[in-house]
Amino acid sequence: MDRSPAPEPFEAVQTASSTASAPPHPSGGRHEHRWLILGIVGIAQLMVVLDATIVNIALPSAQQDLGFSDGNRQWIVTAYALAFGSLLLLGGRIADLVGRKLVFLAGLGGFALASALGGAATSFTMLVVARALQGVFGALLAPAALSLLTTTFTDPKERAKAFGIYGAIAGAGGAVGLLLGGVLTEYLDWRWCLYVNLIFAVLAMLGGARLLHGGRPADRPKLDVPGTLLVSAGLFCIVYGFSNAETHAWSDVDTWGFLVVGAVLVAAFAWWQTRAEHPLLPLRVVLDRDRGASFLAMFISGAGMFGVFLFLTYYLQQILGYTPVKTGLAFLPMVAVMVVISVVTTNLLVPRFGAKPIVPLGMGLAAAAMAWLTALDVHSGYAAHVLPPLLVAGLGLGLVFAPAMSMATAGVAAHDAGVASAMVNTSQQVGGSIGTALLNSLATSAAANYLVGRQPTPEVRAQSAMESYSTAYWWSAVFFAVGLIVTVVLYRRGAPVHSEAAGGTAHM
């Protein structure tokens, strides 16, 4: 396949003429309000990403209010993860079929209504149903948002800026959720952790209805029904199996059984995609080396990132005695570093050096930060001991997220933009589900092993908690180290080269 760019004079004439006189591109093309569109898409993405952690902060208050058991508590999180993770690829293809603007607005409206239902919940069942509906509409919204960004920004320099900002939002949304959830729970009510989505949704819907293009390509693909059923069921079983691992033994059939069935269904899906006339996930989307490396980078960093957000949150609150608001504030320096580095990386570093040195460096820094966190103890202070590895983690994640997201969707044809964008979200979501289950299981075992033969005094319990956190940090470091090796091997050398014909970025 020839990856050389189209002649520059032709590109300049084509760009100038399309800007001056051509009607809006049907697939979202270059748009005079593209920076406002970035803001709209960013609001939608922030709403979806922060929803995971903002609800975690609200869980204890919701449990006390609605009176559900500790055993049932996980379903508030799992219901969302199951629907979101298993339907993302379908949501991405629907955006390609129906039109990205329509699907984006429908996703926003549905997510808002589901959030309102959850906020008004009078029972555990009502709250679980609302969370599942949030996952369904989130699976429509997230890939439509990213594909709109992919098809709106076609100039390579502008695309770099846009994906720098978008990648920072995607990476930092979890930490923002911790802060916002803490503020809303502490000063208002847990229900506002769901009601707040109405504000985000209304803002994005008003702007989207006014500014977005239809975004439906002329050569629309047909829906691959067998592939849709196989991959949706397979991802459901995988996410459900790993979610069960948090409350069941790995030897329990409800854990390994679902994982085996899920793996078989996903394998059957991959086989079917080589034979389907209109595949749900065309192999051309995933077999490009840079794109495949980016999907794996999102998967691995999604799994490893929970070593920061989840267990450091426990450490700050349970060991150092931080309030939810103070915990959220403690993560802000990392968020600030991620935002700055994401923008600098996609604007200056990747266009000059390519993804190969940048993303592996980010993985290495994130691994080092995780290893550094293992040095924390019950007497550690924030400024001297917590903040330095947090800043290094922010630097590393900023070098990973924005370039990986940009490279994962670069050069994709308009009729594949939705499903390529869905693969980015699927990789991160499934990685996060697997990471949460594995790290929780390993951390729990470490704590239990430490308590064997010891009197369960408060000091011993605190130390057992530290053992569990340290174990989680070490395994997160391993995840990122694997990510370093994978991305070094898979990413091509050299800077990406813009190709107007491809509609994005090709690689020399």
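Select C193 to begin: C193 is buried, with a relative accessible area of 1% (buried means under 20%, exposed over 50% and partly exposed in between, using a 1.4 Å probe and protein chains only). Residues are numbered from 1 along each chain as its sequence is written. The model is predicted, so local features need pLDDT of at least 70 and side-chain atom pairs pLDDT 80 or more, while totals for chains, interfaces and linings use all residues.

Next, select C237, which is also buried, at a relative accessible area of 10%. Across the whole structure, a search finds zero disulfides (pairs of cysteine sulfur atoms within 2.5 Å).

Move on to I238, found in helix α8, residues 225-244 (helices are DSSP runs of H or I with at least four residues, numbered from the N terminus). I238 is buried, its relative accessible area being 15%.

Now select helix α4, residues 100-119. Of its 20 residues, 14 are buried.

Finally, show helix α5, residues 124-152, beside α4: the two pack at about 155°, with axes 7 Å apart (axes are lines fitted to C-alpha atoms, for helices over the stretch in contact, and angles run from 0 to 180 degrees between N-to-C directions).

Conventions:
Heavy atoms only, no water. Expected span 1.5 Å × (residues − 1).
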